[in-house]
Structures are given as structure tokens and as C-alpha cells.
Amino acid sequence: MVYFNSDYMVGAHPEVLARLIETNAAHTVGYGDDEYTARARELILRRCEIPSGNVFFMVGGTQTNAVVIDRLTDRNDGVIAAETAHIAVHEAGAIELTGHKVLTLPDPEGKLRADAIDRYMSTFYSDETNPHMVRPAIVYLSFPTELGLLYSKQELEDIYNVCRRWNMLLYIDGARMAYGLASPANDLELSDIARLCDAFYIGGTKCGALFGEAVVTRRPELFNRFISLMKMHGALLAKGRLLGVQFETLFESDLYERIGRHAVDMALKLREIFTARGYRAVYDSPTNQQFFQLPNDVVERLKAGASFELWGAPGPSASTVRFVTDWATTSATLDTLATLLQPLSH
């Protein structure tokens, strides 16, 4: 059986795991006030070119989104997101649980558009009853998107300019950021992302860490008493150095970049395997998530040797499926998939 369900199907990258074992017996203070976490913070800020910024470490993506959005918004504020956004679909109402409504906009190919946000805000403020409505205070987007697509530097600049025009903040979910940065279609550096938003997070859970996400901001004033809020949300890890050790390992060399490049390379080869057999890619994804339209009989027979996800409800005769690669995907894994697909295409 070969597995393509998601990019957290295996444990930590061997280099990360080796460092965790190496530091296992070290005695440090808790809650991230240790030398490993301090070093990880320093490395990330240097890579982002924001020496006066700050970094906070949490365990998982849903937890991170809920706590950050809760900090960056007032109690009666909402967050603009694409209809396909993770916070709108696959986080079980975590944002609404903290009192913040997710305000969704139509999203061609899973991406928010600057002009659509601008029109939404213009309509909102031209409505004289807006004091009775949920105020949009923050824009949420993912890089890459839920459909594996990317924002260009120009698109991100345009969105950020709209946010500033309407006095909103921009927050970027970077659960799969390594794969976006490594894509041959990408024109953004990590420093560009840091400059063109108010806060974002660098995903570790899906990008080589055992677990962990790093919240980054060039505007520390927005995160007043954030450690206290993390604690209130149950998001402050007592053994915080476990997060620090992992991100220190990912960023002290080019490991984060290597993980991203490898997974994207495997994903593009995987797409070639499908398209060479006549199967259609649903989205032109240049990252580690690939989506295909497959006949239902092919889906069922392929399940005998490969594990993957249906993307949405099955169709009457064909369904959309998702295949995801990561640091552990090998050429041998793809060869096995190709062998499984060979008889299915005839």
C-alpha cells in the first residue's frame, strides 16, 4: 500500500527526529523560554528579514488559526475568507467558537481576489445598517491555497493594499508554506510574505516536523499579552523546547527548503503519471497537492493498492480525488502508483 492522503501521514524528518533524540535528556525551562526556542526564533526572523519582529510557537494549524484570529480581532469582528478556506470548511467551527464569524467570498480556483474584497468592503460600509452587522476586520488566506494554488507577489501586494485601505489586517495560513515557496511557479520569498501581511505562520506539522507551527509577525504590538491568550486557549506547550528544537533544525540549514523542493518534485512527477494515462488534472496545482477527476470504477480499484482522499462527495460516474506528497515520498512510491494505474487505463 502506498499513501498519498496528506502530508502528515509519517512522523518527523530523520534530521528533525535525530535532533529531538539528541536533546531529549537536556534540562530546560518550560513554555518556550529555553535556548533552543530562542535560537529558532532568531533563525526565522533572520530568514524573514524582520529583526524587530516576533515568533510564537504552537502545536497545530487549527489551534494556531483560532488563537491568532482571536488576538487580532475584537469580540464582535469577523474574518473574510474564501469559500474553500480551511477555517471555513475543515476546522469544525473553531473560529466561530471564539466568537468570530467567518465571512466567505466566492473563490475562483480557491483564491481570494483583491477586487472582490474591495467590493465587499465598499458594500458593507455603504450599508447604513452596518452597525448591526459583523464587521470584517481581518482577511485570511492560505499559501498555498486549499487547492494547491499560489498567490503571486503582485496578487499579494494588491490584497494587502486593499486591507490597508479598509483598515483591515491580513493573516496568512502557511500550513504548507514550504511547498509554496519551493514551487517552480512561485515568485515570493519568505521575506516578501513577512513584508506583505501583518501575521502569518510557517507550518511544521505538514512540512517535516513531528508537530508544530511558527507564528511570525513584523508587528509585535498586535500580539499584546499573546502568551497569556495562548495559555487561556490551552495552546501553550509546557515542554515548549520540543517546538524550538524542531524549528531550529528546519531553519539552521536549508532543510525546510529541501523538504519543500523534494515534495513538489515528487508531486509534479505524480501528475505526469496520471496525465500520461489520460486522466485530467482538476486544478493546475504547481505544489504538493494534486487533484484528478477519475471514473468511479478506477477509484475503487485503485484503492486496493493506494490510499488517497476523495475531494468532496463522489459524483455519479466520476469523482475528484486528491494525492499529496511529502518528504517521505520516493521514486519507488511513484513507481508503485504507476504500476497500479497501468491496468486501470485500459
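Aromatic rings of Phe, Tyr and Trp count as a pair if their centres lie within 6.5 Å. The legends below describe close-up views of a predicted model.

**View 1. A cluster of aromatic rings.** Ring pairs join Phe4, Phe274, Tyr279, Phe292, Phe308 and Phe323 into a cluster. The structure holds 16 aromatic pairs. A pair of rings is described by the distance of the centres and the angle of the planes.

**View 2. The tilted pair Phe57 and Phe247.** The ring centres of Phe57 and Phe247 are 5.4 Å apart. Their planes stand at 45°, so the pair is tilted. This pair links distant parts of the chain, 190 residues apart. Phe57 belongs to strand β2 (residues 54–58), and Phe247 to helix α11 (residues 241–252). Both Phe57 and Phe247 are buried.

**View 3. The edge-to-face pair Phe292 and Phe323.** Here the ring centres of Phe292 and Phe323 lie 6.2 Å apart. With planes over 60 degrees apart counting as edge-to-face, the angle of 70° between Phe292 and Phe323 makes this an edge-to-face pair. Phe292 sits in strand β10 (residues 289–295) and Phe323 in strand β13. The pair links distant parts of the chain, 31 residues apart. Phe292 and Phe323 are buried. Both also belong to the cluster of View 1.

**View 4. Two faces of helix α14.** Helix α14 spans residues 331–341, and its buried residues are Thr333, Leu334, Leu337, Ala338 and Leu341. Seen down the helix axis, these buried residues fall within an arc of 140°, so they line one face of α14. An α-helix has 3.6 residues a turn, so residues three or four places apart point the same way. The face turned away from the buried side carries the exposed residues Asp335 and Thr339. The buried residues of α14 pack against β1 (2–3), α12 (255–276), α13 (296–302), β11 (306–307) and β13 (318–324).

**View 5. The largest pocket.** This pocket has a volume of about 380 Å³. It is lined by 23 residues, and the closest to its centre are Tyr8, His86, Glu146, Arg176 and Lys206. Helix α3 (residues 61–72) gives the most to the lining, with three residues. The lining divides into six nonpolar, nine polar and eight charged residues.

**View 6. The largest cavity.** The structure holds one cavity of 30 Å³ or more. About 70 Å³ of space lies in the largest cavity. Its lining includes Ala82, Gly110, Tyr140 and Glu146. Strand β5 (residues 135–142) gives the most to this lining, with three residues. The lining residues divide into six nonpolar, four polar and one charged.

Technical notes:
Residues numbered from 1 in each chain as written. Predicted model: local features only at pLDDT ≥ 70, side-chain atom pairs only at ≥ 80, totals over all residues. Heavy atoms only, no water. 1 Å grid on protein atoms, 1.4 Å probe; cavity = no way out; pocket = protein on both sides within 12 Å on 5 of 7 lines; lining within 4 Å. Points joined across faces, edges and corners; volume = space filled by probe spheres on them. Helix = DSSP H or I, 4+ residues; strand = E, 2+ residues; numbered from the N terminus. Nonpolar A, V, L, I, M, F, W, Y, C, P; charged D, E, K, R; others polar. Buried < 20%, exposed > 50% of the residue type's maximum accessible area, 1.4 Å probe, protein only. Arc of directions from axis to C-beta. Contact = heavy atoms within 4.5 Å. Phe/Tyr/Trp six-rings, centres within 6.5 Å; stacked < 30°, edge-to-face > 60°.
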